[in-house]
Amino acid sequence: MTTNILPLLPIMIPFFAGIIMLFTGQRPLVHRVIATISSLLIIISAIWLVVLVHRNGTIATFLGDWAPPFGISVVIDMAAALLLLTTAIITLFTVIYSFQSIGVEREKFYYYVMVMFMISGVNGAFSTGDIFNMFVFFEVFLLASYVLITLGGTKIQLQEGFKYILVNMISSNFFVLALAYLYSVTGSLNMADIHTKLEGFEGDYSIMSLLAVVFLFVFATKAGVFPLYFWLPGSYYAPPMPVLVLFGALLTKVGIYAIARTYSLFFIDNVEFTHQMLLLLALATIIMGSIGALSYADMKRIIIYNILIAVGIILVGVAMMDKAGMLGAFYYLIHDMIIKAALFMLVGFLIYRTGETNAERLGGLIKIHPITGWMFFIAALSLAGVPPLPGFYGKLFIVQSTFANDNYIAGILVLISSLVVLYSVIRIFISAFWGEDMDFSRLKPVKSDKLLFASIAMVIVSVAFGLAADALYPMFEMAAQSFYDPASYSNYLPEVE
Amino acid sequence: MELITIILSGILIGSAVYMMLSKSVLRIIIGTALLSHGVHLMLLTMGQLKRGNIPVLDEEVSNYSDPLPQALILTAIVIAFALTAYILVLALRSYRELGTDDVEQMKGVPHDD
């Protein structure tokens, strides 16, 4: 039997694209072409995977043909397939966005190579079925992100990059420690296999609660959950806009995905403790994010704190761990990846055009950029969750689930946070696009057609995603099922006598 | 035997925390290296420490070593090595650019001149 290579394509295409780019030397134009083509190829393979999974259910590949649970398996269920597709779309538009914003110097020094390696790692983390393999892929995309955050070597990048690397190195070490504990308890590294073993185990689970804390420490640091988000606002402020688009849209979401996977598959027994802990931290994250988003006038900072709010909202859904909660969390996860990319791109355009990051020093831009202005408005509404834009459905399901589980405070906090989000982003819109005209002669004559193309395309993707919610519902139901009903995820394992 | 290595890895992690809490960049990096050593030792201990058994699961062999933790450690060591190399280069570069190796002074938004 030959190995089914299809589930590996989203990992291999960017990896080989990066290696080919390395061999072509410092030629920005060649790199651009290769990066665009490979992102298109990833989109095609991801769509193919979504269709296949929708038709036949979970696809699994066993590397080297080692039967599970012994070998490394790459498992693509609906959740992974949809995340791969979203990642691919964001990659394509970010690459196009980078053409005019990242600068030739960075392009020469292998910017696209690192983007491709990072995407390879992110896709790997989404699609692997082996927990140690997930650690390896985490390191792959983190190492690429270390290069991306410091590439260019400005003072703030070096200073914040050092902190970012340090925090992530420490949490990665704890990841290895958590794996060591997990392996000594369960004797397996295949996530589905661990789930079946734990489900059939009658006995003392208290060490699993301890493990839940260690795993949460690791993934909360990567995802930016209270109280471990302290590095996020500073570090994400440093890199240039296209890198920030990738970080804000993808990296924290991988952490959330890992939390959802481990909490649905491993920590099934002592739910009162583990999921309650997750819920409390998620609510604290929402509150801290709201305070941050309200207290700054700097556009970059406002949307960086909006990342935290979104992380909190998704984790509220994950902590509920029922059908509506998981459906909402997953819907909101995909929505947030798309809309964060769109918003970061639009804000990036404003920063490149005006050279200012403070929204209060701008004004009246709607006269020269009417389309961008209204796109920003739509993106702001979508972020806050105004129907029929996609943020609404995710929040609807999450709030429904919190009320069904008698967590009224959590539901109300999620609802209030939408107002905060709306206020903080609309404030950028009002002061930058309306209001008194700024001195238009200060605007920089930057070439911006590709910047605008990418950002408007992302907004359109987001709106289309909202309008197609009804048609996509069965897919999301499938995706959420592998979380709230983890036995369905483990189905691909062969029956053990 | 396991107990000794667990205590040893505890000492390593403890000294790593001490080193990481200092202000000098270089000491912090040595701290992360120590932390990774402690963690890898812990990972090795988790597969039980035995001597002289072949790592093969066979029907005749009843007593065998677990090869998996050693394979995992190999991967983790390589990753930790790469990260340490990268962060050392970065520390050198940021010392030249920022003119300090004191983390207390690495805050705020510095401006390029």
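**Exercise 1. Which residues in α15(A) meet which residues in α17(A)?**

Before we start: this is a predicted model, in which local features need pLDDT of at least 70 and side-chain atom pairs count only at pLDDT 80 or more, while totals for chains, interfaces and linings use all residues. Residues are numbered from 1 along each chain as its sequence is written, with chains lettered from A and ligands numbered from 1 in the order in which they are written.

*Step 1.* Find the helices: α15 covers residues 370-384 of chain A and α17 covers residues 408-433 of chain A. Helices here are DSSP runs (H or I, at least four residues), numbered from the N terminus.

*Step 2.* List the partners. From α15(A) come A:Gly373, A:Phe376, A:Phe377, A:Ala380, A:Leu383 and A:Ala384; they meet A:Ser418, A:Val421, A:Leu422, A:Val425, A:Ile426, A:Phe429 and A:Phe433 of α17(A). Contact means that C-beta atoms, placed from the backbone, lie within 7 Å.

*Step 3.* Sort them by class: 11 are nonpolar, two polar and no residue is charged. Ala, Val, Leu, Ile, Met, Phe, Trp, Tyr, Cys and Pro count as nonpolar, Asp, Glu, Lys and Arg as charged, and the others, Gly among them, as polar.

*Step 4.* Check the geometry. The two axes come within 8 Å and cross at roughly 170 degrees (lines fitted to C-alpha atoms over the stretch in contact, with angles from 0 to 180 degrees between N-to-C directions). The helices are therefore roughly antiparallel, the word for angles over 145 degrees.

**Exercise 2. Work out whether A:Lys253 is buried or exposed.**

*Step 1.* Count neighbours. A:Lys253 has 27 C-beta neighbours inside 10 Å, so it counts as buried (20 or more other C-beta atoms within 10 Å; exposed is 12 or fewer, partly exposed in between).

*Step 2.* Look beyond neighbours within four places in sequence: A:Lys253 is in contact with A:Leu333 and A:Met337.

**Exercise 3. Describe where chain A touches chain B.**

*Step 1.* Count residues: chain A gives 24 and chain B gives 27.

*Step 2.* Name the elements. On the chain A side, α6 (131-150) and α7 (155-186) each give two or more residues, and α7(A) has the largest share, 16 residues.

*Step 3.* Sort the chain A side by class: 15 nonpolar, seven polar and two charged residues.

Notes: Two residues are in contact if their C-beta atoms, placed from the backbone, lie within 7 Å. Angles under 35 degrees count as roughly parallel, over 145 as roughly antiparallel, 65 to 115 as roughly perpendicular and the rest as oblique.
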